[in-house]
Amino acid sequence: MAEAVMNFLNNTLGWVTGALDMPSARAQVFGFQIGGHLFIEVFLLVVILFLLSQKSYKPPKRPLTNKEIDELCDEWVPEPLIPSLNEEPYEPPVLESAAGPHTVIDGKEVVNFSSANYLGLIGHKKLLDSCSAALDKYGVGSCGPRGFYGTIDVHLDFEARIAKFLGTPDSILYPFGFSTMFSAIPAFSKKGDIIVADEGVHWAIQNGLYLSRSTVVYFKHNDMKSLRETLENITSKNKRVDKLRRYIVVEAVYQNSGQIAPLDEIIKLKEKYKFRVLLDESNSFGVLGKSGRGLTEYSGVPIEELDIVTADMGHALAAEGGFCTGSTRVIDHQRLSSSGYVFSASLPPYLASAAMTAIDILEENPELLSKLKNNISVLWKELSKIPGLKISSNKESPIVYLRLEKSTGSQKDDLRLLQKIAQRVLEEDSVFVVVSHRSTLDKCRLPVGIRLFVSAGHSESDLRRASGSLKKVSAQVLGSHN
Amino acid sequence: MCPYTFKDCFGRPISSAPDAWFDVVERYSNDNNKTLKRSTKVSRCLNLGSYNYLGFAAADEYCTPRVIETLKKYSPSTCSTRVDGGTTALHNELEKFVASFVRKPAAIVFGMGYVTNSAILPVLMGKGCLIISDSLNHNSIVNGARGSGAVIRVFQHNIPSHLEEVLREQIADGQPRTHRPWKKIIVIVEGIYSMEGELCKLPEIIAVCKKYKAYTYLDEAHSIGAVGKTGRGVCELLGVDTADVDIMMGTFTKSFGSCGGYIAGSEEVIKYLKYTCPAHLYGTSISPPAAQQIISSIRVILGEDGSNRGAQKLAKIRENSNFFRSELQKMGFEVLGDNDSPVMPIMLYNPAKIPAFSRECLKHNVAVVTVAFPATPLLLARARICISASHSREDLMKALQVISKVGDLVGIKYFPAEPLKQYQDGKAVKYD
């Protein structure tokens with residue numbers, strides 16, 4: 001039986017080979033005999049190629065049916081709009097009179113260290129007179145954005161005045177101090193540009209940096225060595241750096257710590273690495289410098305070296321709004337591309353005239369500046385001796401910043417402790433100081449503290465009362481805590 | 001945005017209050033409009049451009065004395081943030097008043113309307129959330145949405161069915177790339193769209209949002225105080241219960257003649273905002289005289305000042321808007337916007353007609369606002385008229401005469417005009 005099968009197989013093979021050999025039996029290509037086996041090999045090759053060219057099996061795409069979408073929509077549960085708060089939010093004390101150096105809270109007169117009223121202009125007669133005149137003439141609001149009949153002559157007068165005061169070609173007025181920086185930065189810096197900013201800048205600047213979509217690199221707070229290293233890093237590592245716009249963003253007097261930026265060193269670094277500088281002078285305008293012109297006068301740097309200078313008028317000038325000053329091209333560009341200027345109603349005219357009067361008063365009364373400087377140094381000396389609290393602001397900063405010498409480890413607990421001190425100081429000695437509250441959106445990680453805003457309107461007895469009260473209360477609170 | 005050739009059509013300075021008639025300062029240029037210098041000459045013009053819906057722009061007999069009193073008591077600024085020493089008794093009163101006016105449990109007030117949107121949206125929304133906004137929303141909303149870090153999707157202007165489509169698709173798909181479910185979804189619409197003059201289709205949109213469990217945010221910058229029987233905005237006009245809208249936002253610049261913005265919502269939302277909103281924690285509090293102006297103007301609107309001037313103003317603005325719109329349409333102009341809306345854009349289409357229309361109107365002492373790219377699409381340029389309750393019938397007739405003449409000159413009467421005769425006081429009046 002096996003023999004028969006073997007015979008059959010041999011015969012079939014011999015027949016097939018013979019059939020294949022026959023047509024090419026005598027063919028010779030390039031000296032090689034073409035045998036019948038070549039046909040089998042070619043056939044196999046064709047089969048392999050055919051299989052390879054087949055697409056692999058993909059499950060067919062099936063879009064969701066309406067019923068399935070309905071089910072998904074029914075299943076979906078949104079989170080609550082706001083997370084639940086574990087604690088009662090802080091209720092600030094309610095003022096019953098103007099926020100001058102002395103104010104009334106709960107029927108009692110208190111010494112007010114919570115308003116950035118550096119020159120003591122709140123309640124000044126000249127200011128109130130010019131505001132009343134403006135209110136009678138123009139009403140309250142300006143009823144339109146700057147492009148659509150919201151430009152009132154007082155706005156233009158103020159812009160010219162501030163430019164003349166600071167010695168720059170032009171300036172632009174914003175309706176709200178907060179929005180000045182966060183509109184100015186995205187107007188100039190776009191995606192792909194590089195910004196080097198101090199890690200302690202306040203939220204408005206952080207938001208502006210985020211909205212600009214540029215690459216942001218933070219350097220250690222007010223640390224020139226860290227700034228130099230960062231700039232060196234950026235310029236050496238990035239080959240395309242010459243084609244990108246590069247900015248350094250700093251504040252003159254930091255709101256979050258009271259430190260003063262060393263402008264002359266920053267300018268040196270700027271020249272070396274070819275960056276542009278944006279300076280926020282909210283807390284130094286009307287404070288630093290011989291005539292109150294700000295950090296540039298204080299450091300002896302000509303203002304032309306700075307590209308963009310912004311300031312909030314809600315501090316020394318006792319008005320509201322903000323301005324930005326610089327070269328004509330910088331200002332003109334903002335008139336068309338700065339969103340907080342173009343798409344918002346303009347500043348109420350009475351506030352612009354208040355600010356103008358404030359500058360007039362500053363120019364006519366330079367003794368306000370010396371009084372302020374004196375007050376700052378007296379308070380600084382007094383407050384440097386408080387056990388448990390350390391002054392972390394600069395000697396000449398109008399914001400005196402006290403933080404815990406030994407932190408509890410968590411920002412929330414620090415805040416609670418400091419809040420207790422501030423509350424007792426208010427209740428027992430009628431001195432109103434404030435704690436730095438941080439928003440959950442704020443990226444700044446500097447330590448929290450108690451802030452005192454010094455004003456030229458404070459008398460020496462006010463300052464001594466504040467320091468005496470803080471010494472007493474902090475000793476009690478921190479002593480019992482430890 | 002605007003080339004130098006028609007730079008003089010924008011940013012015209014004025015030297016008086018932006019009332020129904022105001023003084024426009026004339027400007028001249030020595031270098032082909034590159035720089036414009038102010039001259040001392042002013043021309044008294046009819047104001048069709050300022051947002052002065054209820055006529056509170058100039059000194060008002062009830063409001064101004066009280067504002068000056070507040071000025072003397074509280075000074076023009078508190079120089080402090082709300083959470084430091086910037087909260088006065090006036091601020092608390094203002095917030096309670098605004099909440100009761102808008103018919104919500106609580107409200108919070110900020111010093112500037114633009115900042116209200118830009119600083120609130122990042123607090124409410126974050127990564128993993130979805131913001132669906134109308135395609136023609138204002139720049140402040142766009143900026144706030146971008147600053148929040150959430151994903152933004154747009155639905156076709158004022159079309160609730162497209163909103164529904166977008167919502168269904170997004171909820172089913174989930175977050176991009178990971179397909180995780182969204183944390184929360186908010187839909188942002190405006191009461192009156194400032195470039196279209198249209199009212200929002202609020203009842204339908206609220207119904208869609210409720211069905212898909214999305215939160216709603218209504219920006220009433222132009223509609224609060226200007227529409228509705230007692231001036232309470234589009235919710236009153238369209239019969240929507242304010243409890244159905246999660247967050248209501250508005251500004252005080254337009255109808256109340258002041259400055260600032262507010263957010264009204266439930267007690268928990270406002271408490272949370274007071275806890276963490278950066279504009280509340282870091283921005284200077286609203287100027288006390290401006291706050292007093294808001295309180296006084298709301299009192300006038302509600303009739304609490306003892307007169308019926310508020311009701312008169314509301315009736316006047318409705319009457320003025322409807323009269324003006326119908327007359328313009330009869331003359332053959334293409335006017336956008338719904339009835340009762342005080343904002344009426346007149347289509348120019350061709351951007352080259354902008355300087356012509358603007359300058360010719362100014363020559364006849366009528367001040368209009370012309371809007372070009374990028375606020376509107378390039379070929380949809382328009383002139384936007386804002387009617388005020390302080391415009392008298394004669395003012396409107398003069399405006400109609402001038403606009404008709406200029407319209408003929410510039411060639412923007414795109415529709416056939418109706419027969420010319422109009423009747424006023426029993427006498428036929430012809431416009432040519």
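**View 1. Helix H15 of chain A gives the largest share of the lining of the second largest pocket, 7 residues.** The model is predicted: local features need pLDDT of at least 70 and side-chain atom pairs pLDDT 80 or more, while totals for chains, interfaces and linings use all residues. Residues are numbered from 1 along each chain as its sequence is written, chains are lettered from A and ligands numbered from 1 in the order written, and side-chain values use heavy atoms, without hydrogens or water. The pocket has a volume of about 620 Å³. Its lining counts 22 residues, with A:Glu87, A:Lys412, A:Leu415, A:His437 and B:Tyr275 nearest the centre. Two or more lining residues come from each of H15 (411-429) of chain A and H8 (267-276) of chain B. By class, the lining holds 7 nonpolar, 6 polar and 9 charged residues. (Nonpolar: Ala, Val, Leu, Ile, Met, Phe, Trp, Tyr, Cys and Pro; charged: Asp, Glu, Lys and Arg; polar: the others, Gly among them.) A pocket is an open set of points on a 1 Å grid over the protein atoms alone, with protein on both sides within 12 Å along at least five of seven lines; a cavity is a set where a 1.4 Å probe fits but cannot get out; lining residues have an atom within 4 Å of a point. Volume is the space filled by probe spheres set on the points, which are joined across faces, edges and corners. Helices (H or I, at least four residues) and strands (E, at least two) are DSSP runs, numbered from the N terminus.

**View 2. Buried residues of helix H8 of chain B.** B:Val269, B:Ile270, B:Tyr272, B:Leu273 and B:Thr276 are buried (under 20% relative accessible area, 1.4 Å probe, protein chains only).

**View 3. The largest cavity, about 340 Å³ in volume.** Nearest its centre, among 30 lining residues, are A:Gln255, A:Asp312, A:His315, B:Thr81 and B:Tyr282. H6 (177-188) of chain A supplies 4 residues, the largest share. The lining comprises 10 nonpolar, 15 polar and 5 charged residues. Domain 1 (102-121 + 366-481) and domain 2 (125-364) of chain A both contribute to the lining, so the cavity lies between them (bounds from an automatic or database domain assignment).

How values were computed:
Buried means under 20% relative accessible area, exposed over 50%, partly exposed in between (1.4 Å probe, protein chains only).
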